[in-house]
Each structure stands twice: as C-alpha cells, then as structure tokens.
Amino acid sequence: MFNVGIDVGAKTIKVVILRDGQPFAQYKGLAGMDTAESVEQAYTEALKEAGISRDQVKRVVSTGVGRKEVPFSDEEVTEVGADSKGIIFVMPNCRTCIDVGAEEGRAIRCDDGGKVRDFAVNEKCAAGAGSFVESMSRALELKLHEMGELSLKATRTVPMNAQCAVFAESEVVSLIHSDTTKEDIARSVHDAIASRIISMVRRVGIEPEIALIGGVSHNVGFVECLERGLETKVTIPDNAEFIGALGAALLAYEGSK
Amino acid sequence: MTQEYWRWKENNWKSADKDWTKAEIVTAGIDVGSVSSQAVILADGELYAYASMRTGSNSPDSALNAITAAMEGTGLTLDKIHYIVGTGYGRVNVPFAHKAITEIACHARGANFMGGNKVRTILDMGGQDCKGIHCDEKGKVLNFLMNDKCAAGTGRGMEVMADLLSVPIAEVGPMSLEVKEDPPPVSSTCVVFAKSEAMSLLKQGWPKNKVLAAYCSAMAHRVVTLLERIGVEKEFFITGGIAKNIGVVSRIEKELGIKAIKSEYDSQIAGALGAALFGKALVEKGGKKK
C-alpha cells in the first residue's frame, strides 16, 4: 500500500511516498508562480521516479503554505502538525523542533508521540526566514549557497542594526562601502536571523533533543550562529527538508489503515 | 543604465518676494532623514527657501548638500545664518548645526506651522519610518508612536514596489486610483513577501494599476492601525514624502473617515521647518546671535 505526503512550501514542493508506512521515495520540485500547476508537476514526477501509478496511492495528505492548492489531496494538515509527526519518526527523542523555511520559521515543542505541546510561528516577516539570507546574498553579490561557508571564515562580529530585510539590505551595502569583509557581513546576516529564531524557540521552551529542519538547515553558517546563540548543539536529521512531507505521509498512512 | 523608478526628483525653492538681507533673524533647519535630507531657511520666521535632496551614505555631506541647495541663488552663506538646528536620524552628524532636536518635536512644530494651530494628530510617513504624533495648539508633542523597525508602511516599501512594477514613484498614487473598485489589499505585511505576492498577482493577469491599488490599500491600512493605537483626532495632518502619494492618502482618509488638513507647503519639509522655527525661538530667548 502506498501513501503520499506533499509539502507545498513557498519556494519548493516536497513529496514523500511511503510503502506500508515506511519511506519509499522522495522528490523535490520548485514552486513556481502557479502553485496548482507546480504541484501537479511535482506529483507526476515523484510518482514517475518511484515507478508507481496514481491509483496505487491510497491516500494523500497535503501540508505547507500552499496545502489548499492540492486538488487530489484527501486531507490537509498544518505544518506544525506534520513537522512534529515527521520528526518523531526519524528522531524519537526529539522534544524541540526548529523548522526554518524560505518564508516561515517555527519552533515546536512535542511529546514522545509526536503530539504538539506548544509552538510559535513567524510567517509575517522575512527577517526570521530564509528569504532574509537570500536578499542579503543578492546585496553581497554572492550565490545563496556560498553564504554559509563564507560566514564560517568570519573573524569578527559586526552587529546588524536593521531588523527589516529591506532596511538590512541598505545596511549591508553600507557595510560593503566601509570595507567590512564579505565573511564578516555573512556572519552578521546569519547572527541576525538566528537571533530571531532563538527568541521564538525560547518562547516555546527548549527541551533536548533539539532538531533543526527545513531548507535553511543546509546553511552551515546559520547553523553555527544558531548553536552559538542557543549555547547547545542541534541535530539535523537526514533529509531535513522532507520532514514536513514525511509527517504528512505518515498521517496519510494512519488515515488509510 | 536601467531606469531607477523609485528615484524621486530633488528640488529646491526660493521665495520670489522676500529678502533675507532685510531680515533680523535668519535661521535654518536641516532634517537628515534616512532617505532624504531637507534644509529650510526662515527669514524672521517666514519661509524663505528650502531644498529637498537625497541622503547619501554620509550624514555631514548630505546636510551640507541640502543647505547648499537651499542657499542657491540667495547670496546667503552658512556664517550669515544666525542659528542652525539639525534634526532627523542623522541630526548628531550635522557639524555646522548649533543644536540637535529630535524629529518628533520638529515635525510637530513644523506641522503646527503648515497646517495651523488647530492640528492635533500628525502622521509622518518618512523614508524608513512612520510616526503618529499628538500635539497641543502650540505644536508641543503630547504623545507619539513610531515604527522604525519594519519597511511596511514606509516610503522605502513604496520605492521597492515602484521598482518592481517599473512605475515612476510619482505616478504610483494617480495610477492606483485608475481602478474602478479597490481590489482586496495585498495580504503580506512584510515588503519582501509583498513583492512575491505582487509578482504572482501580475502573473494572474492583474494590470499594474490594480496591483498598485492593492498595495496602496495595504499601506494605508498599516498606518491606520498605528494611528488608531495612539488615537486620531479630527484635526489631522500628514507630513513626509508619502503625503504626496494621493493613492495612499485618499485611502487613509477613507479608512479613517476624516479628511486630512490641506496645506500649501511641501509636506516633506515639515521636520526641517520645525527645526528652523525652534532655531528662531532659541535666538529670541537667548539672544544667541552669532
């Protein structure tokens, strides 16, 4: 029996396919301007790569900001619900889950069954999400993936005064003019977003083990700043970007039993 | 080079019939904002000349640039001005100013001059911040609220949108009023997210004017929430660069259900004007003529 979880994020669409409740295949596609079209495309590709057909799928659960735009989904769940379900599957001892995506950030405290005990979400402001780093990389004329490595080479801490991503862009430009190195600016950018995520995590309370998931977990510079700020290590599970989709797929499996 | 749609025109003005040489007290106010810098020169408390220029990366130069533009063609030099007051976020960096006063106090004083002593509520929409101010009949600040953390509801946010849609900033307001009925406001608060939202609206086939209407409504709503937190009195005046954007102003008036007081003066000079008025009062009080 196959079940599918589909996580429609602001930037990417993640699909996880389960076979008898165990991970079988996964696929990541870009979320374009037309969400419904991108969803259809991602789903078709995912099934093709897994070598199964649509009617073999018993149940589909969608999550993510675009979860309502999945016409073939049987059920919609929130990102918080999907994340906690997914993280407990791969990290049974996880009690605090930090999810940083392109346009949202969230901190979730969950119990051993994957039930949500408390959570905090930022979906209003780019300053606490991946797009912040992306805007700044543009101002620095760097590729997004270069930001992380550069940040690790920083030699000093430069404070970032602006909170807003729009204002921070001008600040980055003036830092460049005042001959601050790109390495130091990159760290300053990651420190800024990390401090926003940390204040959200402190609101829900920190209980080990701590997991970091979502696309921004690939950014080693951000991870370093986050760990320094939290004064503790965080665990990044394999396929950290797919945890939400995995959680949705697990819920689909439970619903079809 | 590609056109920079956000770039508004720098300008200066000089009174045709007044003569500073006949004035007893000449004072100047310089408002170094995050986006624009204004200088206002008063001759015996009457508006004599002003200039509105773009702020550069360095506050002292921007201040000098503004006052130089205001003095252009007047024969005035810095040493002939009896008192200079600096204000705005770069106020401590105006080397030739005799004193620095906060922009909140200066805006209230300036609005009191521009809109008359009936003005009680002032909305100042600047380049990188937005303030709601309450003042008394003398233009003295009673209370204020300010957003300087977030680009939503500021001029910079509007500049970003103008650039995205390739619409010159001065045309944004009129263009947003071309729509027959206002579409629902852009739902994202954050300017970064509003940009993506605007892009997907364009993709759905919305014309530019409809997208601008949605953004102007969103901005109006945002500043109205700020104003409502401090309370709005009917005698209401708008200053700052966005006061020139009819698309935002008319939507604020509609949402509040009151009309803003009209003024013959340039809304952007309120801070510098207030600073120059403080300068005059200080000269009269202390006789501290140079």
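The domain bounds used in this tour come from an automatic or database domain assignment. The model itself is predicted.

**Stop 1: the two domains of chain B**

Begin by colouring chain B by domain. Domain 1 covers 11-109 + 269-286, and domain 2 covers 118-260. Taken over C-alpha atoms, the centres of domain 1 of chain B and domain 2 of chain B are separated by 27 Å. Where they touch, 10 residues of domain 1 of chain B are in contact with 16 residues of domain 2 of chain B. Next, select residues 103-115 of chain B, which form helix 2; with five residues, this helix gives the most to the side of domain 1 that touches domain 2. By class, that side of domain 1 of chain B has five nonpolar, four polar and one charged residues.

**Stop 2: helix 1 of chain B**

Select residues 59-71 of chain B. This is helix 1, with 13 residues; from its first C-alpha to its last it reaches 18 Å, close to the 18 Å expected at 1.5 Å a residue. Show the side chains of its buried residues, among them B:Ser59, B:Ser62, B:Ala63, B:Ala66 and B:Ala70. What do the buried residues of helix 1 pack against? Their partners in chain B are strand 1 (11-14), strand 2 (26-32), strand 3 (36-43), strand 4 (46-54) and strand 5 (83-87). Then step past the end of the helix to B:Gly73, which follows helix 1 and has a positive phi, near 75 degrees.

**Stop 3: the nonpolar core**

Now display the largest nonpolar core, which has 176 residues. Which residues have the most contacts inside this core? They are A:Ala249, B:Ile30, B:Ala39 and B:Ile41. Helix 6 of chain B, residues 208-230, gives the most to this core, with 12 residues. Centre the view on B:Ile41. Leaving aside neighbours within four places in sequence, B:Ile41 is in contact with B:Val26, B:Ala28, B:Tyr48, B:Ala49, B:Tyr50, B:Ala70, B:Leu76 and B:Ala276. One of these partners, B:Ala70, is a buried residue of helix 1 from the previous stop.

**Stop 4: the two domains of chain A**

Move to chain A, which is divided into domain 1 (1-91 + 240-257) and domain 2 (93-236). The C-alpha centres of these two domains of chain A lie 26 Å apart. Here 17 residues of domain 1 of chain A are in contact with 23 residues of domain 2 of chain A. Select helix 2 of chain A, residues 79-90: the largest share of the side of domain 1 that touches domain 2, eight residues, comes from this helix.

**Stop 5: where the chains meet**

Show both chains together. Across the interface, 15 residues of chain A are in contact with 16 residues of chain B. On the side of chain A that touches chain B, helix 3 (130-139) and helix 5 (165-177) of chain A each supply at least two residues. Helix 5 of chain A gives the most to that side, with five residues. By class, the side of chain A that touches chain B has seven nonpolar, five polar and three charged residues.

**Stop 6: the annotated spans**

Finally, select residues 4-252 of chain A, which an unreviewed UniProt entry annotates as "domain: ATPase BadF/BadG/BcrA/BcrD type". The end C-alpha atoms of this span lie 7 Å apart, and the span is 42% helix and 21% strand. In chain B, the UniProt annotation "domain: ATPase BadF/BadG/BcrA/BcrD type", from an unreviewed entry, covers residues 29-279. The end C-alpha atoms of residues 29-279 of chain B lie 7 Å apart, with 39% helix and 20% strand in the span.

Methods: Residues are numbered from 1 along each chain as its sequence is written. Chains are lettered from A and ligands numbered from 1 in the order in which they are written. This is a predicted model: local features need pLDDT of at least 70, side-chain atom pairs count only at pLDDT 80 or more; totals for chains, interfaces and linings use all residues. Two residues are in contact if their C-beta atoms, placed from the backbone, lie within 7 Å. Helices (H or I, at least four residues) and strands (E, at least two) are DSSP runs, numbered from the N terminus. Ala, Val, Leu, Ile, Met, Phe, Trp, Tyr, Cys and Pro count as nonpolar, Asp, Glu, Lys and Arg as charged, and the others, Gly among them, as polar. A nonpolar core is a set of buried Ala, Val, Leu, Ile, Met, Phe, Trp, Tyr and Cys residues joined through C-beta atoms within 7 Å. A residue is buried if 20 or more other C-beta atoms lie within 10 Å of its own, exposed if 12 or fewer, and partly exposed in between; C-beta atoms are placed from the backbone. The expected span of a helix is 1.5 Å times one less than its number of residues. UniProt positions are given in the numbering used here, feature names are shortened, and annotations may be inferred rather than shown by experiment.
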